[in-house]
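Please keep the sequence and the coordinates at hand.

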Amino acid sequence: MSSLQPNVDSTNSETMQRSNPKKRRKIGHSNSLSLVPWRSETQQRIYSSKLAEALRYVIHRNPPSLPAKSSAGREVRETADRVLAATAKGRTRWSRAILASPLNRWKLRRMHKKVHKASTGLPKKSPETRRRLPVVQKKARVLGRLVPGCRKLTFPNLLEEATDYISALEMQVRAMTALTELLTGGGSLASA
Amino acid sequence: MSSRRSRSRQSGVSTEITDAQITDLVSKLQQLIPELRARRSDKVSAAKVLQETCNYIKNLHREVDDLSDRLSELLANTDSNSAQAAIIRSLLM
C-alpha cells in the first residue's frame, strides 16, 4: 500500500508522510508538507518584489504625508504579512488564516490579555497524558496564540505550522531589512 | 516505544499521535531556534523548546514591527520617484 506516490496520497497538511521515507528527503528543511523553501534566495527575491509592489500600491493610495505614524507602520506590517501569506501559496494554515481575516489579527493582538489560568491540575500522570503534561500544554496554548489561525490545532499540527511560520518570519525579516537598507541608500543618493 | 505508526490502512487520517512524531517535530523545531541549536536534543525538554519557540516568535514579530515602522517612515519621507527607483533596483539585483 505504501508503494504509491506519497505526493498524491497526502497533499493536504493533515497526515504525516512517514510511510515512504525514501521519496521524501527534500533539500529544504521542510518536512512532510510540500512547503515553500523559505531559506532560498529565490524565495526571498520573490517575496521582496511582491512586497515592493504592494508597498508601492499602499503609498500611492495614501498621500505621503501621513500624520499618524503608527497606523502607517501597521499598514506596512499588514501588507508585509499578507504578501508573506500569499507567497506561502496557501498550503499552510497560518497563511490561510492571515489571508482570510486581516482585521481580526490586529484586534486580537490589541486585546492580548494574558489569561493565567491556575493549572487545572491533572492529578494523575498516566502514560496517556504523559506526553502532554500541563506545562507543555500551557506552552502549546501560548504558541497556538502566536501563530495565526492555529488555536485549535492538534499538537503535532501546531508544531508543523510553527516550524513553517518561523522560517517564513525569518525570511520576512531578511527581506524587509534588505528593502529598508535599499531605501536608505536610495534616499541619500536621490537627494545628492 | 512501540511504533504505532498508522500506515495508510483503510482510514486515511492517522488518529494516533505517536511519541516519535512529536519528538521528531520538537527536534525539528529546536533546530530552527538559534538559542537551542547548539544544545543536544536529548538535553532539552519539550517545554523548553516550546518556551523558546514562543520567545523567538515574539522577537521576530517585534523585529517585523520595527522594520515596518521604519519602512513606513522611509516610504513617507522619500520622494515617490526615488522610492520607485530603489524598488526597481531591488528587482534588478
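Arg77(A) and Asp81(A) sit four residues apart, about one turn, in helix α3 (residues 69–87) of chain A. The model is a predicted one. The two side chains form a salt bridge, at 3.1 Å from N to O. Arg77(A) has a relative accessible area of 1% and is therefore buried, since the limit for that class is under 20%. Asp81(A), at 3%, is buried as well. A network of salt bridges links Arg77(A) and Asp81(A) with Asp65(B).

Five salt bridges are found over all chains. One of them pairs Glu41(A) with Arg45(A), whose closest N and O atoms are 3.0 Å apart. Both residues belong to helix α2 (residues 41–61) of chain A, with a spacing of four residues, about one turn. Glu41(A) is exposed at 55% relative accessible area, and Arg45(A) is partly exposed at 43%.

In chain B, Lys28(B) and Asp24(B) make a salt bridge of 2.8 Å, N to O. They are four residues apart in helix α1 of chain B, so about one helical turn separates them. Lys28(B) is partly exposed at 24%, as is Asp24(B) at 26%.

Helix α1 of chain B covers residues 19–32 and spans 20 Å between its first and last C-alpha, close to the expected 20 Å. Its buried residues include Ile22(B), Leu25(B), Val26(B) and Leu29(B), along with Gln21(B) and Gln30(B).

The surface also carries a patch of negative charge, made up of Glu63(B), Asp66(B), Asp69(B) and Glu73(B). Glu63(B) is in helix α2 (residues 46–77) of chain B and is partly exposed, at 40% relative accessible area.

Definitions and conventions: Residues numbered from 1 in each chain as written. Chains lettered and ligands numbered in written order. Predicted model: local features only at pLDDT ≥ 70, side-chain atom pairs only at ≥ 80, totals over all residues. Heavy atoms only, no water. Helix = DSSP H or I, 4+ residues; strand = E, 2+ residues; numbered from the N terminus. Expected span 1.5 Å × (residues − 1). Buried < 20%, exposed > 50% of the residue type's maximum accessible area, 1.4 Å probe, protein only. Patch = residues over 30% accessible without salt bridge, like charges linked within 9 Å, V, L, I, M, F, W, Y side chains within 5 Å. Areas by Shrake-Rupley, 256 points an atom, 1.4 Å probe, with all protein chains shown as cover. Salt bridge = Lys/Arg side-chain N within 4 Å of Asp/Glu carboxyl O. Lys, Arg positive; Asp, Glu negative; His and termini not counted. Charge placed at Lys NZ, Arg CZ, Asp CG, Glu CD.
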